[in-house]
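Dear colleague,

Please find the structure below, handed over for your study. The findings follow it.

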There are 2 protein chains.
Amino acid sequence: MQMAEVNHRWLLRTRPVGMPKDSDFELVEEPVPAPTEGEILVRVEMLSCDPTQRGWLGRDTYLPAVNIGEVVRSLGGGRVVRSRHPGFSEGDLVSGLVGWQDYAVIKPVGVFGVTKLPPGMPLEKALGTLGPNGLTAYFGLLDIGRPQPGETVVVSSAAGATGSLVGQIAKLKGCRAIGIAGGAEKCRWLTEVAGSDAAIDYKADRVEQKLADACPKGIDIYFDNVGGEILDAALARLAFHGRVVLCGAIADYNATEPPPGPRNYLALLNQRGRMEGFNVLDYYARAQEAVTELADWIAQGKLKDRVDVQRGLENAPAALRRLFLGQNQGKQLLRVAN
Amino acid sequence: MQMAEVNHRWLLRTRPVGMPKDSDFELVEEPVPAPTEGEILVRVEMLSCDPTQRGWLGRDTYLPAVNIGEVVRSLGGGRVVRSRHPGFSEGDLVSGLVGWQDYAVIKPVGVFGVTKLPPGMPLEKALGTLGPNGLTAYFGLLDIGRPQPGETVVVSSAAGATGSLVGQIAKLKGCRAIGIAGGAEKCRWLTEVAGSDAAIDYKADRVEQKLADACPKGIDIYFDNVGGEILDAALARLAFHGRVVLCGAIADYNATEPPPGPRNYLALLNQRGRMEGFNVLDYYARAQEAVTELADWIAQGKLKDRVDVQRGLENAPAALRRLFLGQNQGKQLLRVAN
């Protein structure tokens with residue numbers, strides 16, 4: 001195992017206002033740290049770029065905010081290079097909150113720990129379709145949305161890491177799937193590769209009108225990754241007993257003022273609808289259920305995933321921004337080392 | 001049975017803008033109509049004033065809007081004075097959508113029909129605690145809110161016809177109950193008569209601060225009758241796995257522009273919360289469950305109700321406005337005849 005002389009780390013310098021800038025972070029060099037008893041040292045190989053990271057940089061939400069001067073929190077994966085924990089050996093592949101750095105010293109328990117991965121599992125899968133995005137799509141759609149065959153499922157950020165799985169799982173469960181994404185290329189991928197019944201380009205189309213066309217009986221499940229005007233457009237078309245699965249609100253994450261709320265929320269009253277939030281952290285105890293079914297679908301060629309791999313730890317802020325600029329084509333990853 | 005020579009009827013003349021004015025309606029005199037086969041003629045004795053009537057005057061919601069020139073839709077009760085329906089006899093007491101008029105010809109089936117009441121049941125009870133308000137409070141709190149003993153339940157319009165029952169049922173089910181109402185007198189009634197653990201006067205208090213004081217562990221269930229800023233204040237204090245039961249939005253009913261949505265809706269995401277709408281119409285098949293338990297509580301002195309009876313069909317618009325001016329002390333009724 002090749003060891004770098006130093007540990008490059010991105011620290012949070014100031015809380016971003018609006019879109020995160022390079023100058024909100026500072027890239028420092030420190031000695032490679034040594035694990036103490038009960039800890040492991042991980043060589044980070046791949047980082048996951050996730051919209052929720054923007055929230056962690058701002059304020060306490062479902063996790064405490066990253067402190068100024070701390071390493072930027074990020075999911076990622078890599079190999080154990082030193083272990084002082086009986087459950088881990090050198091060479092083990094792990095994933096978890098490793099942070100924007102070459103090396104992470106980790107106490108492998110709880111939310112801030114890491115999980116051992118099966119030998120040979122590609123980190124692209126472990127951080128995406130068989131990891132947080134897969135679990136988010138699976139439990140969010142099935143547990144919170146509770147789709148019935150024949151129902152109409154609409155998903156936003158439909159070509160993204162989570163959304164692209166939601167639409168495909170909806171199809172596998174016998175639903176109609178409509179994806180909302182930005183740009184013709186993503187929409188083409190949705191209908192031609194991912195099997196969506198229709199795709200709506202929110203940059204070019206009038207979303208509310210297109211939803212009316214694509215969902216003549218209304219929307220039974222709207223899986224929301226974006227919030228804002230698209231949430232309102234979906235609420236306006238909610239079917240009787242429709243469900244809104246709140247997964248995220250990327251439209252709000254870089255807002256500098258509190259964005260307006262969904263003015264069509266009273267659709268929930270008229271349609272006896274339900275809007276419910278969830279967090280994949282609550283489902284880790286049931287992860288195996290999802291991973292088994294997702295892996296089967298992949299093996300049978302029924303579930304397509306798409307990864308967008310950038311390279312170099314020095315590009316971490318830019319890779320994160322790709323999410324908010326809509327530049328990522330599927331799961332955004334950043335390879336840090338081989 | 002005394003028969004008036006004419007039937008006084010309030011017709012909708014124009015759709016109200018903002019608060020309904022007398023001039024939005026027209027009081028006309030018509031001959032007392034005759035029922036045809038399958039219909040009954042009801043002498044209206046008591047009208048129920050309900051916030052949802054404001055919605056019916058505006059546009060199609062869960063029921064089609066009242067048409068211009070039609071009698072104003074209203075719940076009420078009275079006696080059958082002529083029957084051409086085999087299930088009804090002269091003298092039967094009924095309740096349902098009788099409208100703002102002395103006499104109603106009704107086909108007693110479906111949502112727009114009437115239901116026979118037990119002989120001797122006071123119309124004050126049939127139109128309130130053992131009628132729509134009781135069912136709304138009972139099923140909204142228990143079926144949608146699903147309270148657990150020890151949880152904190154907050155209700156708005158807490159001294160109103162539905163809200164006053166929600167708080168008391170919450171207490172009967174072992175919860176803490178906090179009521180939000182307008183004015184010291186209503187708040188006094190909540191804590192001294194209805195047994196609420198705390199009352200918040202939204203006209204005098206800073207609601208968000210008072211909610212923080214009264215709900216140190218957050219709000220497990222918020223039963224919303226008002227929408228607007230109070231909904232946002234409650235969302236800001238939502239507990240983990242908290243539920244918002246959407247029953248109404250009186251703050252919005254007279255708004256002339258679409259009011260803003262709840263900007264704190266992302267509390268549902270961070271707290272894994274659920275916001276769900278319902279309508280009592282969906283629960284009529286299960287009405288007996290609720291009526292049995294509610295009547296028991298009343299008989300045992302455990303459930304206090306409060307009615308505010310105005311008099312005279314000519315005062316119907318004014319009686320309806322009392323709801324939106326917060327003048328009603330409990331269930332607003334209008335006695336039309338003895």
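**Strands across the interface**

Strand β13 (residues 274–277) of chain A runs antiparallel to β13(B), and three bridges join the two. Strands are said to pair if DSSP finds at least two bridges between them. In this arrangement, M275(A) stands opposite M275(B). Helices (H or I, at least four residues) and strands (E, at least two) are DSSP runs, numbered from the N terminus.

Please note that this is a predicted model, in which local features need pLDDT of at least 70 and side-chain atom pairs count only at pLDDT 80 or more, while totals for chains, interfaces and linings use all residues. Residues are numbered from 1 along each chain as its sequence is written, chains are lettered from A and ligands numbered from 1 in the order in which they are written, and side-chain values use heavy atoms, with hydrogens and water left out.

**The contact between the chains**

Chain B brings 33 residues to the contact and chain A brings 34 residues, where contact means heavy atoms within 4.5 Å. Between them the chains bury about 2400 Å², 60% of it on carbon and sulfur atoms. Buried area is the accessible area (1.4 Å probe) that two parts lose on being put together, summed over both. Y265(B), L269(B) and R272(B) supply 27% of the area that chain B buries against chain A, more than any other three residues.

Two salt bridges are counted between chain B and chain A; a salt bridge is a side-chain nitrogen of Lys or Arg within 4 Å of a carboxyl oxygen of Asp or Glu. D282(B) forms a salt bridge with R272(A), with the closest N and O atoms 2.6 Å apart. The largest share of the side of chain B that touches chain A comes from β13(B), with four residues.

The same surface serves both copies, as 100% of the contact residues of chain B recur in chain A.

**Within chain A**

R188(A) forms a salt bridge with E192(A), the closest N and O atoms being 3.2 Å apart. These residues are separated by about one helical turn, because R188(A) and E192(A) are four residues apart in helix α5 (residues 184–192) of chain A.

Yours sincerely
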